[in-house]
Amino acid sequence: MERGIETEFTIDATGELTDTPRIHRDSTSEEVEAETHFSVSAVGRDTWHSDQIVKLKQSNAKHLTFSSLNHLSLLGILGSIKKSLSNGQLLSLSVLVFRQCELSGMTMQSLCTILTITPLIQTIQFYDNASSLQSHTALPELNPSFREVISSYERKWYDIYDHLSNKQVCKIKSLTLQNCDLYEEDIICLAESLYSNTSLFTLDISRNPKIVGNYNGIKSLSFSLDHLGSLDVSNCNLDSNALSILANSLAYNDSLVSLNVSDNMFFLNDLDDGLEVLVRSLQRNHNLTELHLNRIVDE
């Protein structure tokens with residue numbers, strides 16, 4: 001096996017940019033390849049200077065990680081990146097990762113503008129992100145089908161849902177919204193956007209324990225899996241009824257190849273019902289090749 005060189009750049013609290021080379025093995029490559037990762041963390045809005053954008057461009061980075069940024073810091077950095085992309089720069093970026101950042105409607109609007117500018121960014125990952133106090137107020141710009149759901153329930157993710165529903169510009173193949181405080185209303189709108197989306201293959205909404213509600217979100221999601229290849233709903237407090245709803249849709253689904261329903265509540269109560277429906281559906285489904293059913297630990 002050949003070795004690959006991975007360099008991770010970090011912007012610290014002083015605004016300085018440092019790099020740390022790391023060696024990893026690649027069993028499929030016959031040549032040593034350099035893949036640069038940028039990590040932006042704990043910086044103020046004014047510390048993201050033009051020289052750092054220059055270094056980012058020179059690195060030919062594919063992965064860019066934002067870590068522990070507040071709303072203003074993130075908004076300023078996204079603005080700089082958006083400007084560079086508009087000038088035909090930073091076109092090597094393909095993966096954006098947000099970890100423990102303070103998000104708002106404004107930051108999501110800026111991100112979706114970036115995604116519209118370049119179709120090359122096809123993987124977006126959010127982990128453990130908090131809400132900003134600033135709410136999203138640009139409801140008239142969203143798809144009309146979303147307005148009724150969110151008229152009294154404004155949340156930060158709807159620009160992403162709206163972008164997903166635009167099949168003319170959306171090229172996202174993988175979306176992760178892990179531990180992002182999603183609610184049932186979020187899942188309804190996410191499912192609505194998936195009806196017209198043919199590019200998204202991987203969806204991870206794990207560790208969101210408030211999505212079940214009255215099962216309307218799960219029902220909507222189960223009807224919108226026609227183009228999805230991988231779904232992760234682990235650790236989402238799914239009970240036996242929620243599992244049954246998802247399982248019923250699998251009987252006629254010919255796209256999903258991976259499903260993760262681990263660490264959910266149906267292992268604690270009504271052990272038979274949901275799993276029985278799942279087993280019956282799998283007898284008709286010949287496409288699903290990967291199923292995760294790890295039990296949660298009842299303490």
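Serine 68 is partly exposed, with a relative accessible area of 38%. In this predicted model, the residue occupies the loop that connects strand E4 (63-67) to helix H2 (71-86). Most residues other than glycine have a negative phi.

A second residue of this kind is aspartate 263, for which a positive phi of about 55 degrees is likewise found although it is not a glycine. Aspartate 263 is placed in the loop between strand E12 (258-260) and helix H9 (271-284). With a relative accessible area of 28%, aspartate 263 is partly exposed.

Serine 222, by contrast, belongs to a helix, namely H7 (residues 216-222). The relative accessibility of serine 222 is 9%, and the residue therefore counts as buried, the cut-off for this class being under 20%. When residues up to four places away in sequence are set aside, serine 222 touches Ile245, Leu246 and Ser249.

Helix packing was examined for H5 (residues 158-165) and H6 (residues 184-195), which pack at an angle of about 20 degrees with their axes 8 Å apart. Because angles under 35 degrees count as roughly parallel, H5 is roughly parallel to H6. The crossing in which H5 passes H6 is right-handed. On the H5 side, the contact is formed by Tyr158, Tyr161, Leu164 and Ser165, which meet Glu185, Asp186, Cys189, Leu190 and Ser193 of H6. Classified by residue type, this contact of H5 with H6 comprises five nonpolar, two polar and two charged residues.

Confidence was considered for the protein chain as a whole and for individual segments. The chain has a mean pLDDT of 77, and 71% of its residues reach 70 or more. Two segments with pLDDT under 50 may be named: residues 1-18 and residues 132-140. For residues 1-18, the model contains 76 contacts beyond four places in sequence. For residues 132-140, the corresponding number of contacts beyond four places in sequence is 21. Where pLDDT is low, the predicted coordinates should not be read in detail.

Note on methods. Residues are numbered from 1 along each chain as its sequence is written. This is a predicted model: local features need pLDDT of at least 70, side-chain atom pairs count only at pLDDT 80 or more; totals for chains, interfaces and linings use all residues. Side-chain values use heavy atoms; hydrogens and water are left out. pLDDT is the predictor's confidence in each residue, from 0 to 100. Contact means heavy atoms within 4.5 Å. Axes are lines fitted to C-alpha atoms, for helices over the stretch in contact, and angles run from 0 to 180 degrees between N-to-C directions. Helices (H or I, at least four residues) and strands (E, at least two) are DSSP runs, numbered from the N terminus. Angles under 35 degrees count as roughly parallel, over 145 as roughly antiparallel, 65 to 115 as roughly perpendicular and the rest as oblique. A crossing is left-handed if the near helix is turned anticlockwise from the far one by less than a right angle, and right-handed if clockwise. Ala, Val, Leu, Ile, Met, Phe, Trp, Tyr, Cys and Pro count as nonpolar, Asp, Glu, Lys and Arg as charged, and the others, Gly among them, as polar. Buried means under 20% relative accessible area, exposed over 50%, partly exposed in between (1.4 Å probe, protein chains only).
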